[in-house]
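Let's take a walk through this model, starting with charged side chains and ending at a helix. Keep the 3D view open as you read.

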Amino acid sequence: MTQLKTLSYTVDKGIAKLVLNQPKSLNAINLAMLDDLNTFMNAMEQDESIRVIILTGEGKAFMAGGDIKEMMKMDDQVAKKFIEYGNYTMNRLAGLKQIMIGAINGYALGGGLELALTCDLRIGSSENTIGFPEVGLGIMPGYGGTQRAVRLIGLGATKRLVFTGELIDGKEAYRLGLIDYLVPSADLLEEADKLADKLMQQAPLALKKAKLAINRGSQSSLQEGLLLENEIVIGLFNSQDRIEGMNAFVEKRKANFKAK
């Protein structure tokens, strides 16, 4: 894979650990990072062995938002491309076949919170600082934040965070539902590893299809979602993993899934 400038990642036993690696700028998102994220996703989409991705930030921030100095220089046309490219990237991340765990360390502000919202599951700590401060800069969340947040935490909580620019800690983020697991900050990556290992024990095909059903169904009517779920479950009944999983359950042994 092409050398990444703003990210680093490792792979071990089907789990990729992706680290935002620009700590001097608190991992602020810019065009170079968008390029790197897409290069990383190209590799993930071609590797069937990787089933879980852990995403975290180097240093004291997950991501403290956009690169303001870079954005200050943008005219209308450059800004348009930057926003469209960012949305394309976030949509690709949210749609990855792998289950993505966000290990949210420190600050997750603006684009950082929007990036966290593309993860399937989020782990944080009480020491997090989380929010959408964009209105104080004369803009608003533009990488899907207003849309993904409202679907996750509801209309009122989303308006509260976006309209006021309020920064909340991890406990409040957990209460609102922005964070799924609240752990001590020192244990963040260890807990992310444990969660990834737990996911790796599940039937890989079923897990991938469940993510598809939830993501697509949440964007459609209930009736359409139910039809989609029905179609996917029927398909899974024809899988080798379904036979192996049920046999292993009856025989009281660990299943040996093949993703088929």
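Which residue does Arg 160 form a salt bridge with? The partner is Glu 166, and the closest N and O atoms are 2.9 Å apart. A salt bridge here is a side-chain nitrogen of Lys or Arg within 4 Å of a carboxyl oxygen of Asp or Glu. Before going on, note that this is a predicted model, where local features need pLDDT of at least 70, side-chain atom pairs count only at pLDDT 80 or more, and totals for chains, interfaces and linings use all residues. Residues are numbered from 1 along each chain as its sequence is written, and side-chain values use heavy atoms, with hydrogens and water left out.

Arg 160 counts as partly exposed because its relative accessibility is 27% (buried is under 20% relative accessible area, exposed over 50%, partly exposed in between, with a 1.4 Å probe and protein chains only). Glu 166, at 30%, is partly exposed too.

The model has 13 salt bridges by this rule. Another one pairs Glu 191 with Lys 194, at 3.6 Å between the closest N and O atoms. Both sit in helix α8 (residues 188–200), three residues apart, about one turn of the helix; helices are DSSP runs of H or I, at least four residues, numbered from the N terminus. Then there's Arg 253, which meets Glu 251 at 2.6 Å, N to O. Shared partners also link Arg 160, Glu 166, Glu 172 and Arg 175 into one salt-bridge network.

Finally, look at helix α9 (residues 204–217). Its buried residues are Pro 204, Leu 205, Lys 211, Ala 213 and Gly 217.

Conventions. Helix = DSSP H or I, 4+ residues; strand = E, 2+ residues; numbered from the N terminus. Expected span 1.5 Å × (residues − 1).
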